[in-house]
Amino acid sequence: MFVATVVVSALLAALLAFAAIRKLSHREDVVRTYVRVGVPEDKLDYLAVILLAGAAGLIAGLFWA
């Protein structure tokens, strides 16, 4: 059971980090997508920090156990 927890948590943390890196890149296609749904470009950094905090929390939770 613990192995499955580690695998799923690590995968989710990697996906969260990937999403955060895309937001921090401020590439045109990423910005265009978020602007289209009403998120201003200057808020992407805040969203990325939240995603990175989630990834760090998942990894920290694994070591906490």
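Which helix holds both Arg32 and Glu28, and how many residues apart are they? Both lie in helix 2 (residues 28-36), four residues apart, which is about one turn of the helix.

## Basis of the model

This is a predicted model, in which local features need pLDDT of at least 70 and side-chain atom pairs count only at pLDDT 80 or more, while totals for chains, interfaces and linings use all residues. Residues are numbered from 1 along each chain as its sequence is written, and side-chain values use heavy atoms, with hydrogens and water left out.

## Overall architecture

The protein has three helices and zero strands, and its pattern along the sequence is α-α-α; here helices (H or I, at least four residues) and strands (E, at least two) are DSSP runs, numbered from the N terminus. The C-alpha atoms fill a box of roughly 40 × 15 × 15 Å along the principal axes. The radius of gyration of the protein is 14 Å, whereas a compact globule of 65 residues would have a value near 11 Å; the radius is taken over C-alpha atoms, and the globule rule is 2.2 Å times the number of residues to the power 0.38.

Of the contacts between residues at least 6 apart in sequence, 62% join residues at least 24 apart, contact meaning heavy atoms within 4.5 Å.

## Surface and burial

The accessible surface comes to about 4,700 Å², and 74% of it belongs to carbon and sulfur atoms; such areas come from the Shrake-Rupley method with a 1.4 Å probe, and for residues only the protein chains shown count as cover. Buried residues make up 17% of the 65 residues, where buried means under 20% relative accessible area, exposed over 50%, and partly exposed in between (1.4 Å probe, protein chains only).

## Charges and salt bridges

The protein has 6 positive and 5 negative charges, whose mean positions are 6 Å apart. Lys and Arg count as positive and Asp and Glu as negative, while His and the chain ends are not counted; the place of a charge is NZ of Lys, CZ of Arg, CG of Asp or CD of Glu.

Side chains of opposite charge can pair when their charged atoms come close. A salt bridge is a side-chain nitrogen of Lys or Arg within 4 Å of a carboxyl oxygen of Asp or Glu, and by this rule there are two salt bridges. Arg27 pairs with Asp29, the closest N and O atoms being 3.0 Å apart; Arg27 is partly exposed at 42% relative accessibility, and Asp29 is partly exposed at 29%. Arg32 pairs with Glu28, with the closest N and O atoms 3.7 Å apart; Arg32 is partly exposed, with a relative accessible area of 48%, whereas Glu28 is exposed, at 59%.

Lys23 is located in helix 1 and is buried yet has no salt bridge, the nearest side chain of opposite charge, Asp45, being 10 Å away. Not counting residues up to four places away in sequence, Lys23 touches Val30, Tyr34, Leu44, Leu47, Ala48 and Leu51.

Ala48 lies in helix 3 (residues 44-64) and is buried, with a relative accessible area of 0%. Ala48 and Lys23 are 25 residues apart in sequence, and their C-alpha atoms are 5.9 Å apart in space; leaving aside neighbours within four places in sequence, Ala48 is in contact with Ala20, Lys23 and Leu24. Ser9, in helix 1 (residues 2-25), is buried with a relative accessible area of 11%, and, with neighbours within four places in sequence left aside, Ser9 is in contact with Leu58 and Leu62.
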